[in-house]
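Please walk through this structure with me.

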2 protein chains.
Amino acid sequence: MERRDLHGRDASTRDRPARDAPDARDRPDLAGVPPLARITLGTQVYDALRDLLIAGELAPGERLSLRTVAERLGTSMMPAREAVSRLVADEALEVLPNRAVRVPVITLGKFRELTRVRIAVEGFAAAEAARACRPDDLAVIRGHDAAFRHEVRADAPDLERAMRANRDLHFAVYAAAGLPSLVAIVEGLWLRIGPVLNLDMRSSPRRLAEGGAAAHHARLVAALAVGDAEGARAALAADIAGSAAFIETTGRLAP
Amino acid sequence: MERRDLHGRDASTRDRPARDAPDARDRPDLAGVPPLARITLGTQVYDALRDLLIAGELAPGERLSLRTVAERLGTSMMPAREAVSRLVADEALEVLPNRAVRVPVITLGKFRELTRVRIAVEGFAAAEAARACRPDDLAVIRGHDAAFRHEVRADAPDLERAMRANRDLHFAVYAAAGLPSLVAIVEGLWLRIGPVLNLDMRSSPRRLAEGGAAAHHARLVAALAVGDAEGARAALAADIAGSAAFIETTGRLAP
DNA sequence: TGCCGTGATCTGTGATCACACTTAGGCTGG
DNA sequence: CCAGCCTAAGTGTGATCACAGATCACGGCA
């Protein structure tokens, strides 16, 4: 049970960059200096929990406690509260009538519903990506694709790395569509299926290679390269449907 | 400046129903008694602000203050904090590097992006609705359609009622698709375009009748009635594109 | 032996205080 | 008369306390 400390508790260094913000606003023609993302403790806790969720390190049904989360991450209860509130709003966590917080247990019906929505939304993103994809976007995508293929073909596949490569590949495609709000929507969906998807995937490693994931990815990349929107959509839909079908066969989903 | 009091501060009455929850779980065959939604002050503040936003009563660029919101709604600062945090997470509000909270100013580019995403997502929802629509769903939809048509044709159109009828019509269609997570996504989108959309609509009333909204709605309802998925999608896409084009002509959007 | 009341403990929620920071307004010094 | 500082009010963020309700185990009654 390692203890990540989010503090960097020297607030003077943490908030330092913000002091330049007024300058940047007074002289908007000053290059560089992007809007300067706010990094509060609450946001950091949110990101930490978020990563745990989509990595499947928090199992469905697992319970959380504000005080435990706070202590584990080295903060007080307040940032944990904010983080959990946001995740509950995203339906990535749920708080029962008992006031207990846990990661939701997805039913089979809900899983199928999410899969249909994913195919529609992510399929659209892939199609748009095929239209808007630029050479450097494609290069990044190919990089992640190669990493994934390399990992699943290895003698001792590193599942964590493989899943991360898969995720990076998908989101690189979605980012190439040039619709940030769409990417945010997809992130919300992944946040909800992450636990069940990655958890089951972890339980049966070799399925990763057997499933047609690599083949679907290859078709996807090929379609993107030639600007074939419908081809990209179909390839991505097949990829999603394939992994969903596998999850269903494990039968671990609640009725 | 009326003062809505969210308290009902008699906690004993507010939380009373929860006491039946354990019984309902122990005897699951006990009819009625759905899971019993939690209603915290934070959630109520969230809903209040949310309604203000999608009704366009909070103009883009308008600033909010936690303490002001709290006082106005008759609570302390904590529930206001949670509500604002959630809305910021939804990108329905934003907090500047100065730590000032305001409703975001949408740029023209962002507006077009959101419109494209809306056409894709809501169009899909309409198509699914055409497949899954049941007679009683259709009846509800027709009711809202009639209300909207009646309102825009009146001599003295009540804009607020018209916009609400329009919103109810749209969401009745999306609900008919039977994909709750999709409805949640669309709500997030409406939360972000609500301010600019409804604000501009309010500034020029008669456009409501001139715009083809009623005609698009008619085509939409007709398509739903016969299960024509692509027809429904097209009608809804035209509706969205129409109102978006009108908004752009007002030229009020930031470059 | 089986069951129900009852207490300690832990939960999320709300209120309040403390703090660093921003911002606007009034004052002083030129 | 204007530019400059500089105080005072107001901001979100984080910590801490208070509290009602839930959970669970122990102990006593039937």
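**Two copies and their contents**

Chain B superposes on chain A by a rotation of 180 degrees with 0.0 Å of shift along the axis, at an RMSD of 0.0 Å. The two copies are thus related as by a two-fold rotation axis. The superposition is by least squares on the C-alpha atoms of residues with pLDDT of at least 70 in both copies. This is a predicted model, in which local features need pLDDT of at least 70 and side-chain atom pairs count only at pLDDT 80 or more, while totals for chains, interfaces and linings use all residues. Residues are numbered from 1 along each chain as its sequence is written, chains are lettered from A and ligands numbered from 1 in the order in which they are written, and side-chain values use heavy atoms, with hydrogens and water left out.

Which residue of chain B comes closest to the rotation axis? B:Arg86 does, with its C-alpha at 2.7 Å. The copies meet through the same surface, because 97% of the interface residues of chain B are also interface residues in chain A.

Now take chain A by itself. It has 12 helices and 3 strands. Both are DSSP runs, numbered from the N terminus: helices are H or I with at least four residues, strands are E with at least two. Of the 255 residues in chain A, 45% are buried. Buried means under 20% relative accessible area, exposed means over 50%, and partly exposed lies in between (1.4 Å probe, protein chains only). The accessible surface of chain A is about 12800 Å², and carbon and sulfur atoms hold 53% of that. These areas come from the Shrake-Rupley method with a 1.4 Å probe; for residues, only the protein chains shown count as cover. Contacts (heavy atoms within 4.5 Å) tell of the fold too. Among those in chain A with a separation of 6 or more, 76% join residues 24 or more positions apart.

**The sheets**

In chain A, 3 strands make an open sheet with the order E1-E3-E2 and antiparallel pairing. Strand E1 (63-64) and strand E2 (94-95) of chain A are the edges, each pairing on one side only. Strands count as paired if DSSP finds at least two bridges between them. E1(A) and strand E3 (residues 101-102) of chain A have 2 bridges, in the antiparallel sense. In E3(A), A:Arg102 is the bridge partner of A:Arg63.

Chain B also has an open sheet of 3 strands, in the order E1-E3-E2, with antiparallel pairing. Strand E1 (63-64) and strand E2 (94-95) of chain B each have a single partner strand, so one side of each is left without a neighbour in the sheet. E2(B) and strand E3 (residues 101-102) of chain B run antiparallel, joined by 2 bridges. There, B:Val95 stands opposite B:Val101 in E3(B).

**Charged side chains**

Side chains of opposite charge can pair when their charged atoms come close. A salt bridge here is a side-chain nitrogen of Lys or Arg within 4 Å of a carboxyl oxygen of Asp or Glu. The count over all chains is 26.

Start within single helices. A:Glu82 forms a salt bridge with A:Arg86, and their closest N and O atoms are 3.7 Å apart. About one helical turn separates A:Glu82 and A:Arg86, because they are 4 residues apart in helix H5 (residues 77-89) of chain A. A:Glu82 is partly exposed at 25% relative accessible area, whereas A:Arg86 is buried at 13%.

Helix H7 (residues 135-153) of chain A holds A:Arg149 and A:Asp145, 4 residues apart, about one turn of the helix. Their side chains meet in a salt bridge of 2.9 Å, N to O. A:Arg149 is partly exposed at 30%; A:Asp145 is buried at 6%.

Next comes a pair in chain B. The side chains of B:Glu187 and B:Arg50 meet in a salt bridge of 2.9 Å, N to O. This pair links distant parts of the chain: B:Glu187 is in helix H9 (residues 180-203) of chain B and B:Arg50 in helix H3 (residues 41-54) of chain B, 137 residues apart. B:Glu187 is partly exposed at 30% relative accessibility, and B:Arg50 is buried at 16%. Elsewhere, salt bridges that share partners join A:Arg116, B:Glu128 and B:Arg131 into one network.

Finish with A:Asp239, in helix H12 (residues 229-250) of chain A. A:Asp239 is buried yet has no salt bridge. Which side chain of opposite charge is nearest? A:Arg118 is, at 6.6 Å. Lys and Arg count as positive and Asp and Glu as negative, while His and the chain ends are not counted. Leaving out residues up to four places away in sequence, A:Asp239 touches A:His170, A:Ala213, A:His216 and A:His217.
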